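Have a look at the model first.

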Amino acid sequence: MAHRLLIRRIWTLSTKDIRCLPTSTATIASSSFSTSLQSAQSRVFFLSPSRSLPRSLPHTFSRTVSFNVQDHEDFTERVINNELPVLIDFHAQWCGPCKILGPRLEKAVAKQKGRVAMAKVDIDDHTDLAIEYGVSAVPTVIAMRGGDVVDHFVGIKDDDELDSFVSKVIGQ
């Protein structure tokens with residue numbers, strides 16, 4: 001996935017974003033040593049980290065908003081021991097409504113600008129967590145604060161209902 005993204009970023013760069021070498025290599029060869037060094041230092045490489053993303057690839061914050069739970073220890077560390085309220089999205093790869101709810105929930109959490117965290121738990125990979133928290137249908141969203149379950153819902157909700165759910169969990 002990361003390789004595809006990198007290739008897509010390189011592929012979509014327009015020609016104005018790519019800085020080429022000087023058109024005449026004879027000028028560099030015939031110029032003095034200091035001029036040659038200056039021209040080499042002034043070149044900008046299109047893959048340098050200081051460059052911004054091209055306009056065709058907008059930067060999204062979905063990866064910073066949520067995280068995937070890796071195992072029970074990771075769940076304890078990042079969810080139960082978290083100082084922020086945490087929304088836990090129990091989902092499955094094969095679940096159609098989960099694919100709709102996930103991005104909506106991430107968007108609602110992103111609107112809160114760091115006042116709430118979001119954990120994603122795949123029930124096929126972590127059945128022990130699903131059983132422990134009584135998940136019998138997906139999608140199920142459980143809200144936790146200080147390691148205690150404060151609220152939950154099962155099924156899909158629209159954007160306004162998600163916004164109010166997240167606000168209620170935060171305590172606004």
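The questions below ask how each label was reached.

This is a predicted model, in which local features need pLDDT of at least 70, side-chain atom pairs count only at pLDDT 80 or more, and totals for chains, interfaces and linings use all residues. Residues are numbered from 1 along each chain as its sequence is written, and side-chain values use heavy atoms, with hydrogens and water left out.

Q: How many helices and strands does the chain have, and what counts as one?
A: There are eight helices and five strands. Helices are DSSP runs of H or I with at least four residues, strands are runs of E with at least two, and both are numbered from the N terminus. Along the sequence they give the pattern α-α-α-α-β-α-β-α-β-α-β-β-α.

Q: What makes Cys95 and Cys98 a disulfide?
A: A pair of cysteine sulfur atoms within 2.5 Å is called a disulfide. The S to S distance between Cys95 and Cys98 is 2.4 Å, and the count by this rule comes to one disulfide. With 80° about the S-S bond, this link of Cys95 and Cys98 is right-handed.

Q: Why is Cys95 called buried?
A: Buried means under 20% relative accessible area, exposed means over 50%, and partly exposed lies in between (1.4 Å probe, protein chains only). Cys95 has 4%, so Cys95 is buried. Across the chain, buried residues make up 32% of the 172 residues.

Q: Why is Ile80 called partly exposed?
A: The relative accessibility of Ile80 is 24%, so Ile80 counts as partly exposed. Ile80 is found in helix 5 (residues 72-80). Leaving aside neighbours within four places in sequence, Ile80 is in contact (heavy atoms within 4.5 Å) with residues including Tyr133, Met144 and Gly146.

Q: How do you know that the buried residues of helix 5 line one face?
A: The buried residues of helix 5 are Asp74, Phe75 and Val79. Seen down the helix axis, they fall within an arc of 100° (taken from the directions from the axis to the C-beta atoms), so they line one face. On the face turned away from that buried side sit the exposed residues Glu73 and Glu77. The buried residues of helix 5 pack against elements including strand 1 (66-68), strand 2 (86-91) and helix 7 (127-132).

Q: What makes the pair of Glu106 and Ser66 a polar contact?
A: A polar contact is a pair of N or O atoms within 3.5 Å; within protein, one must be able to donate a hydrogen and the other to accept it, and residues adjacent in sequence count only if both atoms are side-chain atoms. The side chains of Glu106 and Ser66 make such a contact at 3.0 Å. Glu106 is found in helix 6 and, at 13% relative accessibility, counts as buried.

Q: How do you know that strand 4 and strand 5 pair?
A: Two strands pair if DSSP finds at least two bridges between them. Strand 4 (residues 140-145) and strand 5 (residues 148-154) have six bridges, in the antiparallel sense. One of the bridges links Arg145 to Asp148. The two strands form a hairpin with two residues between them, and Gly146 in the turn has a positive phi of about 65°.
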